[in-house]
Amino acid sequence: MDLSSIFDYELALARLDGDRELFTDLVKLFLEESPKEFAAVAAALARQDASVLASAAHKLKGSVTQFCANRLLDSVKNLEKLGRAGELAAASPVCATVEHELAELQNALRATLNDRLREA
Amino acid sequence: MAIPLPPSQAGVSSSASGPSRSGTSILLIDDEPVARRSLAGRLTKMGYRVLEAVDGVDGLAAIRREHPDLIIVDWMMPQMDGPTLCERLRSDPELATSQVIMMTSHDQPEQIAEGLARGADDFLSKAASKQEIVARVQAGLRTHALVRQLERTRDDLDCSNRALVGKQRVLDEDLASSARFVHSLLPEPGAPAPGASMAWRYLPSLTLGGDLFGVAKWGEEHLGLYMLDASGHGVSAALRAAAMVTFLHPDNLARVVGGHDPVAIVTEANRRFPMTADGDYFTLWVGALHLPTWRLRSVSAGHGGAFLSVPGRPTTWLSQSNLPLGFDPEAGYVALEQDMPPGARIYLLSDGVYETMSPDRELWGRERLQQVVEARAGESIEQVIDACFEASRAWQRADHFTDDAAMVGLERNREASIVKREQ
């Protein structure tokens with residue numbers, strides 16, 4: 001899989017001033033936190049609570065932003081917008097996309113982490 | 001609670017590349033852990049001491065506890081959001097000058113306007129580059145340092161002011177104590193000699209006055225009277241006036257002048273009290289009343305304030321066109337002589353009593369004072385003096401005299417009252 005289509009490693013690292021150690025920390029934290037953050041999004045949608053959906057998506061957006069994963073970031077932004085607008089019907093397919101793209105990012109980050117460990 | 005950071009990210013930075021900013025603390029308030037850790041890691045690497053809080057409530061507690069130099073707060077948070085936290089800070093006098101940067105995910109102009117209105121100092125995009133973070137953080141810290149400096153200056157001023165007030169209290173007490181001493185030099189009202197009555201009022205313009213007067217027995221046969229005015233006001237004038245009072249003490253006069261003749265006294269005073277380096281000098285009026293004959297000899301050195309008031313006769317001012325003391329060491333003096341029949345009064349007064357100005361700058365003057373005294377010739381000395389003070393105050397439309405105001409009255413009692421007292 002071409003990781004660069006999922007997130008921009010070089011750019012994400014540059015944002016951290018090239019601090020690989022910090023990047024590794026953030027990846028580990030993201031792998032712990034993002035499933036919980038997505039679960040909150042999915043639960044809000046299941047309850048058809050648009051306002052909670054918006055704030056849960058906003059929170060997920062905060063963590064995704066750190067990795068320069070533009071496709072996923074756009075989807076999450078879209079989901080937040082739909083939640084804010086109360087368009088729950090339109091939100092369902094976007095939520096499915098977010099779930100898929102988030103899994104891709106998590107896998108890509110795990111792979112990067114393993115590469116880093118092998119290098120080390 | 002604020003989350004303690006792992007050693008690599010919390011506390012004093014050991015980063016070799018970062019400048020030494022370990023004393024500078026930044027509080028980061030964000031509910032999203034990954035974004036918070038990301039910014040905390042970068043700030044720590046820059047050398048700042050980073051504190052973290054998970055929402056507005058937690059953040060407010062950390063601010064009260066830690067007084068961070070800079071606060072970076074996320075806009076959207078559960079419990080208490082960024083703008084609400086800002087409002088809480090601005091309404092708390094202890095925390096109102098905190099520097100707050102608010103994080104926004106998109107720079108919508110209306111969001112910036114709302115954030116500013118609710119108390120944010122600056123904004124930082126969540127996608128900000130390292131350069132932008134450095135610039136905004138440094139700007140926030142610069143402002144914080146300036147505010148701190150102002151607060152310290154204000155506290156220093158408060159402290160100096162308290163010290164000055166304390167010193168002033170000591171000086172005031174000193175002045176009050178000196179004033180009590182000067183007051184103790186003034187004569188006791190009542191009967192300074194058989195057949196005579198005396199009363200006075202004295203209002204120094206400051207706590208200490210440069211005008212003093214005396215009425216005392218000079219030897220067996222004389223009653224000495226004087227009114228002096230040391231130029232200037234306050235402590236210096238009072239000290240010089242007290243020195244002159246000491247010179248005019250009967251024991252001293254007996255020793256250095258060898259008698260009670262006003263001409264000899266004023267001549268000696270002129271010799272002993274030359275004008276000071278600061279240009280200060282005295283005016284003096286001295287009278288010696290020979291009690292067996294009630295004959296008054298007087299000399300004035302530049303002092304205009306004594307007059308004789310005899311029933312059925314016009315008022316006689318006992319002033320002479322002599323220079324004040326200390327102007328000319330060779331100055332010569334000639335005495336004026338008057339008789340004091342029963343019921344006659346002599347009034348001594350400082351120019352502060354009659355040199356009062358009306359609001360449209362017209363002088364009250366000696367003539368108006370004389371009219372008050374003549375109109376009240378039948379009243380007691382106290383009543384006449386009080387009436388003069390009241391009329392002068394009414395003229396200047398103010399209670400406080402701008403110059404020392406002193407007035408003394410001495411009466412030769414009518415025969416009837418002597419007889420009455422001797423019964």
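Within α8(B), residues 262-272, the buried ones are Pro262(B), Val263(B), Ile265(B), Val266(B), Glu268(B), Ala269(B) and Asn270(B). Buried means under 20% relative accessible area, exposed over 50%, and partly exposed in between, with a 1.4 Å probe and protein chains only.

Before going further, please note that this is a predicted model: local features need pLDDT of at least 70 and side-chain atom pairs count only at pLDDT 80 or more, while totals for chains, interfaces and linings use all residues. Residues are numbered from 1 along each chain as its sequence is written, chains are lettered from A and ligands numbered from 1 in the order in which they are written, and side-chain values use heavy atoms, with hydrogens and water left out.

Now pick out Glu268(B), which sits in helix α8 of chain B. Glu268(B) counts as buried because its relative accessibility is 13%. Leaving aside residues up to four places away in sequence, Glu268(B) touches Phe247(B), Val256(B) and Val257(B), where contact means heavy atoms within 4.5 Å. The side chain of Glu268(B) also makes a polar contact of 2.8 Å with the side chain of Arg271(B). A polar contact is a pair of N or O atoms within 3.5 Å; within protein, one must be able to donate a hydrogen and the other to accept it, and residues adjacent in sequence count only if both atoms are side-chain atoms.

Arg148(B) is partly exposed, because its relative accessibility is 32%, whereas Glu151(B), at 19%, is buried.

Other salt bridges reach across the sequence. Asp339(B) and Arg295(B) meet at 2.8 Å, N to O; this pair links strand β13 (residues 336-339), which holds Asp339(B), to strand β10, which holds Arg295(B), 44 residues apart. Asp339(B) is partly exposed at 40% relative accessibility, and Arg295(B) is partly exposed at 32%. Both belong to a network of salt bridges that links Asp261(B), Arg295(B), Arg297(B), Glu337(B) and Asp339(B).

Arg345(B) and Glu411(B) form another salt bridge, with their closest N and O atoms 2.7 Å apart. Here the pair connects strand β14 (residues 345-349) with strand β15 (residues 405-412), and the two residues are 66 apart. Arg345(B) is buried at 9% relative accessibility, and Glu411(B) is buried at 16%.

Turn now to chain A, whose secondary structure comes to five helices and zero strands. Of the 120 residues in chain A, 52% are buried. Helix α3(A) is mostly covered, with 11 of its 15 residues buried. These buried residues pack against α2 (20-46), α4 (70-85) and α5 (88-119) of chain A, as well as α1 (33-45) and β3 (70-74) of chain B. At the N-terminal end, Asp49(A) caps the helix, with a side-chain oxygen 3.3 Å from the backbone nitrogen of Ser51(A).

How do the two chains meet? In all, 22 residues of chain A are in contact with 20 residues of chain B. Arg15(A), Leu29(A) and His58(A) supply 29% of the area that chain A buries against chain B, more than any other three residues; buried area is the accessible area (1.4 Å probe) that two parts lose on being put together, summed over both. Between the chains there is one salt bridge, in which Lys130(B) pairs with Asp17(A), their closest N and O atoms 2.9 Å apart.

Key
Helix = DSSP H or I, 4+ residues; strand = E, 2+ residues; numbered from the N terminus. Salt bridge = Lys/Arg side-chain N within 4 Å of Asp/Glu carboxyl O.
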